[in-house]
Amino acid sequence: MIAHSVFFYIFSLIAIVSAVMVTVSKNTVHSVFFLILDFISISCLFIMIGAEFLGMIMLIVYVGAVAVLFLFVVMMLNVAEQKGQWFSSRWDGGTHIPVGLLVSLIIFFELIIVIGGWKYKPDLLNSLSINVSNEVTNTRSIGNVLYTDYILLFQISGMILLVAMIGAIVLTYRERAGVKRQSYVKQISRERDEGVDLVDAERNKGVKIDA
Amino acid sequence: MDSYFSILFTEVYKILFLLVPVLVSVAMIVWLDRRVWAFVQKRRGPNVVGPFGLFQSLADALKYIFKEIIIPASANKLVFVLAPVVTMTLALISWAVIPFGEDFVLADINVGILYLFAVSSLGVYGIIMGGWASNSKYPFLGAIRSAAQMVSYEVSIGVIIINVLLCVGSLNLSDIVMAQQNLWFVIPLFPMFVIFFISALAETNRPPFDLPEAEAELVAGYQTEYSGMMYAMFWLGEYANILLMCAMGSVLFLGGWLSPIDIFPFNTIPGPFWLIFKILFLFILFALVKATVPRYRYDQLMKLGWKIFLPFSLFYVVLTSSFLLYFDLLPGK
């Protein structure tokens with residue numbers, strides 16, 4: 001049990017420190033790396049409480065895909081060095097700090113409400129119809145709930161994600177003229193007759209070739 | 001506390017027992033790769049150091065150790081040093097869940113296949129970190145290419161894994177092998193095996209998909225600025241990843257440690273040897289592909305991943321699940 005709590009404190013310490021470093025670090029790419037470290041330690045915490053499926057999915061989805069896209073954007077946009085830091089003495093009068101404070105305050109109060117509700121009504125957790133047991137792996141129990149009771153919500157959220165994806169593609173798509181595309185079918189089905197044209201060239205005239 | 005430390009020591013012992021053979025076989029596999037490659041091109045390949053040139057990799061390693069490690073002045077030093085370490089570590093930690101036989105596995109976890117998938121999807125970070133931290137154009141382009149390529153092919157590998165999992169009903173790798181006792185999945189899921197093999201080539205940046213290090217365009221891609229032991233670590237990590245992909249292919253499709261037919265001379269050979277044979281078989285296929293197929297163009301690579309493999313493997317998921325449902329073969333009821 002001691003080892004368990006030691007590891008818990010190690011992982012949570014890493015998680016908290018890296019979460020702070022995400023906002024504090026000067027270099028944006030470093031922020032993303034700290035974000036990745038944060039995701040990894042959170043998924044370690046998930047695994048420690050026995051939610052191995054969630055931990056692995058966290059790794060695959062957030063670290064393996066989402067954070068890669070973050071890195072892509074940050075690296076491509078070339079915003080490596082941030083100009084004014086929020087804790088520096090000369091504040092450049094940006095408007096992002098009040099908004100950020102507002103959002104974090106709202107999240108803070110939400111957390112208080114959630115934790116308070118759990119504190120004052122301990123049977124809140126038991127009201128969910130998930131029976132957690134050691135015999136059934138949590139992959140199976142999540143599947144049992146997700147694909148039976150909450151199938152509609154699951155499908156709707158999938159649909160929303162699909163719509164968002166299509167929307168992003170439509171917004172960024174622009175048709176460019178003069179792009180040469182390769183068509184395998186066209187290339188393969190080309191016959192000799194189309195490719196070769198025999199011309200009787202007259203003397204001293206030359207042949208005009210249509211491009 | 002005392003028992004905890006004894007557990008720790010036995011675990012460390014087991015880990016060493018696994019890691020040392022893996023590292024040695026990575027070195028040997030480089031030699032095998034070069035020999036197969038030379039064989040196809042009617043050359044001799046490395047044959048001078050030791051019998052059949054077997055110690056060539058050791059000689060190379062010695063050379064790398066004694067070379068100077070150069071860190072570019074404008075590089076981001078910490079990330080630059082960290083990148084090969086990340087590649088190497090990620091390539092090695094995945095071996096923890098590979099089952100070499102019945103109850104012969106370091107960590108028999110419930111979500112083994114997800115763990116493998118997660119760790120292989122983390123592998124892209126070593127490359128991105130190396131490419132970005134070098135602070136130079138070629139490595140950066142190589143890293144961007146590599147990241148896009150690996151993310152794309154992970155999608156189709158994920159869908160292929162779903163196909164296998166539908167037939168098994170468990171995420172545990174030992175269960176996956178045991179489910180193939182009667183029939184290896186390579187037979188009913190043969191198209192998936194082919195797609196898995198090609199995606200594994202792309203996932204490990206092997207030819208014909210070695211665009212991240214296409215020497216004609218990008219010098220050496222993300223590892224251009226690396227030298228000495230750090231370069232060797234990238235290289236070892238890459239080969240460890242290739243071996244891992246071969247192991248994954250043998251566990252998912254070729255029946256892991258099971259012998260092909262359960263009759264006398266075959267079933268006396270212990271399981272780990274069968275797994276090693278299968279890994280070697282897949283690796284020789286990897287090497288043959290490297291020697292025979294020309295490099296893909298980048299747009300062809302993306303087209304293959306997203307427009308051909310992904311729809312086809314999704315279609316196969318539907319096919320597999322409807323087949324299992326119709327003939328009432330769904331596992332785990």
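Colleague: What share of the contacts in chain A with a separation of 6 or more comes from residues 24 or more positions apart?
Modeller: Those residues account for 49% of such contacts. Do keep in mind that this is a predicted model.

Colleague: What makes up the secondary structure of chain A?
Modeller: Chain A has 8 helices and 0 strands, so from the N terminus on the elements run α-α-α-α-α-α-α-α. As for burial, 14% of its 211 residues are buried.

Colleague: Why is L166(B) called partly exposed?
Modeller: Count the other C-beta atoms within 10 Å of its own: there are 19. Buried takes 20 or more and exposed takes 12 or fewer, so with 19 L166(B) falls in between and is partly exposed.

Colleague: Where does L166(B) sit, and in which helix?
Modeller: L166(B) is in helix α6 of chain B, which covers residues 137-168.

Colleague: Which residues does L166(B) touch, leaving aside those up to four places away in sequence?
Modeller: L166(B) touches T320(B), S321(B) and L324(B). L324(B) is 158 residues apart from L166(B) along the chain, with 8.3 Å between their C-alpha atoms.

Colleague: How many residues of chain A are in contact with chain B?
Modeller: 17 residues of chain A are in contact with 18 residues of chain B. On the chain A side, α1 (2-24) and α3 (52-77) each supply at least two residues, and α3(A) gives the most, with 12. By class, that side has 13 nonpolar, 3 polar and 1 charged residues.

How values were computed
Residues are numbered from 1 along each chain as its sequence is written. Chains are lettered from A and ligands numbered from 1 in the order in which they are written. This is a predicted model: local features need pLDDT of at least 70, side-chain atom pairs count only at pLDDT 80 or more; totals for chains, interfaces and linings use all residues. Helices (H or I, at least four residues) and strands (E, at least two) are DSSP runs, numbered from the N terminus. Two residues are in contact if their C-beta atoms, placed from the backbone, lie within 7 Å. Ala, Val, Leu, Ile, Met, Phe, Trp, Tyr, Cys and Pro count as nonpolar, Asp, Glu, Lys and Arg as charged, and the others, Gly among them, as polar.
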